[in-house]
Amino acid sequence: MKVIYADYWGSYISVVAASIHLGLIIEYDYDKLLNLQKFCDKNCLEQGRLIFFGTDKKGRKVYILGVKKSGKIVERALRGISEIYDIGKDNLSFVDLSDYKNIYIKAGEFFCKKMNFKSIGQKLIVYGIKKNFIELKKLILKIRE
């Protein structure tokens, strides 16, 4: 089984989701979020590339993926590929996290990616994640189980 967490850049919400899935973070913690592997990485050149994040306790491989605004398209393509290669529907879980993006995360991404003000941007992103953390955690725990 492969689990793919996707968001616009593949370096914010998807990193937090993968970290929750793997048990790297359990509760919201500002400092832990900022120090997560790949959090706020400048991987915008890697959008569309699956990045291995770790293996969970059940042996499922967890990936992150930047999809810009094409999450639904990427999901359909992955499902189609899994059908073509007879991988099976139960061997792939694609999670588009774009619904968990709020105004704070959008503003933070703008400051980080467009204005190159990483410090301000990261604070806004982490605050935005805090606003959605409980709902995001519920989703991830449901997927993990």
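Buried means under 20% relative accessible area, exposed over 50%, and partly exposed in between, with a 1.4 Å probe and protein chains only. By that scale Arg79 is partly exposed, with a relative accessible area of 29%.

Let's set the ground rules for this structure. It is a predicted model, where local features need pLDDT of at least 70, side-chain atom pairs count only at pLDDT 80 or more, and totals for chains, interfaces and linings use all residues. Residues are numbered from 1 along each chain as its sequence is written, and side-chain values use heavy atoms, leaving out hydrogens and water.

Now to the salt bridges (a side-chain nitrogen of Lys or Arg within 4 Å of a carboxyl oxygen of Asp or Glu). The structure holds six of them, including these:

| Salt bridge | N to O distance |
|---|---|
| Lys137 and Glu27 | 2.7 Å |
| Arg79 and Glu75 | 3.4 Å |
| Glu109 and Lys101 | 2.8 Å |

Lys137 sits in helix α5 (residues 118–144) and Glu27 in the loop between α1 (13–21) and α2 (30–34), so this pair ties together parts 110 residues apart in sequence. Helices here are DSSP runs (H or I, at least four residues), as are strands (E, at least two), numbered from the N terminus. Lys137 counts as buried, at 17% relative accessibility. Arg79 and Glu75, by contrast, share helix α3, four residues apart, about one turn of the helix. Glu109 and Lys101 are both buried.

Tyr85 lies in the loop between α3 and β4 (92–96). With a relative accessible area of 61%, Tyr85 is exposed.
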